[in-house]
Number of protein chains: 2
Amino acid sequence: MEPVPAAPPAQPTHTPSEAAVLEFLGLVGYSGLGSFGMLAADAQRAPDLRSRLVLAHMAAGELAELDYVEEVARVRGADFEAMLADYRDLLEDFGLRAVPRDWWERLVRTYVGYNMLQDLLRELGEGLPAELRDAIAANLGRSGHDEFVAAELLPVLERETQLASRLALWGRRVVGDGLSLVQRLFRDHPPLAELATGEGDAEARVAALTGRLQQEHARRLGRLGLNA
Amino acid sequence: MEPVPAAPPAQPTHTPSEAAVLEFLGLVGYSGLGSFGMLAADAQRAPDLRSRLVLAHMAAGELAELDYVEEVARVRGADFEAMLADYRDLLEDFGLRAVPRDWWERLVRTYVGYNMLQDLLRELGEGLPAELRDAIAANLGRSGHDEFVAAELLPVLERETQLASRLALWGRRVVGDGLSLVQRLFRDHPPLAELATGEGDAEARVAALTGRLQQEHARRLGRLGLNA
């Protein structure tokens, strides 16, 4: 009988600094506020009441996560608003670049951008000190946004091949914005790299993390039948 | 010793029909969704992070009220989405007429329009059957939006008299939109008039209610030092 291969180390190989933890909390906080705005704007433009209700509730869910990390930051004696402000220019910018021309492009923009941001936060959450890691993982839920978009888009894309190829192109543009945002995040906030798990130095770990984000993105587009 | 004058009757003098109750629930539901959109859009345009956080949380609070009336409607076997849809055109329209040119006009538009809608819902809630009336009153909270705007605007208006007169004019325009919306609400949804409390026929009770809305509006503008 073959020996069971050892699982890759899920734990960080080093203990992150307090500075890295605070950077993470600020990033989660501002991401929550930015995602609230993005999902609320999508809700406002939704073509039917049901979608509008679903997206509005997802937006409100982002604030619940923000409130949770605000409390964690408060307990650590940090200035939460200042921590958020540090991320404002960076994340604001992401929202402005790719301007959707219709509801479908809007839906795909959020599908790609919001879900990649969620993946990034989950990845970095893995690198937190053990106790905080579990608390954060328990409180940063999955919004169900990817399931919602898949249910909305799949039947439409099956019928409309022209729309499908337009949205595949659009998805590539949005993911380009997303990946360069991730690069800037690590460049402008070096302590975040301490939270990238795995082997090697910071650069190698960030590169591996970025690769996993791309894989997840490709899987997510593939789910819609689109090529990443 | 003078006799204490009798308090005016707070109770409805008649029992409203189930149709009136359902109209009310639909109106509260769509108002919640519309107010979510209005407050979330204000949050997105807020000039500072603190205001953005406060307004985003108020927006989310509207959804909690919406969820509450959805549950009440579900228990009564009503189709909540259809009930909301009945109010869509009317309330959508309100949001589109007066387009604010800056943050202050935006703040005043919501101060006038949102708070008048809240007053209307409270007034109509008084006309509900007793048990439902108390449950609704307990779950339709005050958002604190009026206190927030007063705290934001008062110091600015004291310094800038030109802005004050521009916003007073703007407030009159917005309240004109608000009052004609109220008239259309009662015209397009006659059962709502059953919930207007007080003496006399439906027309007289609606007129009295509208007068109270105008008084509240004048009081609210007066609080900012502006003439209604």
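**Exercise 1. Find what share of the contacts in chain A between residues at least 6 apart in sequence join residues at least 24 apart, and describe the fold of the chain.**

Solution. The model is predicted.
- Step 1: take the contacts in chain A whose residues are at least 6 apart in sequence; 82% of them join residues at least 24 apart.
- Step 2: count the secondary structure, which in chain A amounts to 8 helices and 0 strands.
- Step 3: read along the sequence, where the pattern of chain A is α-α-α-α-α-α-α-α.

**Exercise 2. Compare the radius of gyration of chain A with that of a compact globule, and state how much of the chain is buried.**

Solution. 
- Step 1: chain A has 228 residues, so a compact globule would have a radius of gyration near 17 Å.
- Step 2: the value for chain A is 18 Å, which agrees.
- Step 3: along the principal axes, the C-alpha atoms of chain A fill a box of roughly 55 × 50 × 30 Å.
- Step 4: of the 228 residues in chain A, 51% are buried.

**Exercise 3. Work out which relation superposes chain B on chain A, and whether the copies meet through the same or different surfaces.**

Solution. 
- Step 1: in general, a rotation about an axis and a shift along it relate two copies of a chain.
- Step 2: here the rotation is 180° and the shift along the axis 0.0 Å, superposing chain B on chain A with an RMSD of 0.0 Å.
- Step 3: this is therefore the relation of a two-fold axis.
- Step 4: the C-alpha of chain B nearest the axis is that of Ala60(B), 2.6 Å from it.
- Step 5: 100% of the interface residues of chain B are also interface residues in chain A, so the copies meet through the same surface.

**Exercise 4. Describe the second largest pocket by its volume and by the class of its lining residues.**

Solution. 
- Step 1: the second largest pocket holds about 270 Å³ of space.
- Step 2: 18 residues line this pocket, and the closest to its centre are Asp119(B), Arg122(B), Arg142(B), Glu216(B) and Arg220(B).
- Step 3: helices H4 (103-125), H6 (145-159) and H8 (202-223) of chain B each supply at least two lining residues.
- Step 4: H4(B) gives the most, with 6 residues.
- Step 5: by class, the lining has 10 charged, 6 polar and 2 nonpolar residues.

Notes. Residues numbered from 1 in each chain as written. Chains lettered and ligands numbered in written order. Predicted model: local features only at pLDDT ≥ 70, side-chain atom pairs only at ≥ 80, totals over all residues. Heavy atoms only, no water. Least-squares fit on C-alpha atoms with pLDDT ≥ 70 in both. Contact = heavy atoms within 4.5 Å. 1 Å grid on protein atoms, 1.4 Å probe; cavity = no way out; pocket = protein on both sides within 12 Å on 5 of 7 lines; lining within 4 Å. Points joined across faces, edges and corners; volume = space filled by probe spheres on them. Helix = DSSP H or I, 4+ residues; strand = E, 2+ residues; numbered from the N terminus. Nonpolar A, V, L, I, M, F, W, Y, C, P; charged D, E, K, R; others polar. Rg over C-alpha atoms; globule rule 2.2 N^0.38 Å. Buried < 20%, exposed > 50% of the residue type's maximum accessible area, 1.4 Å probe, protein only.
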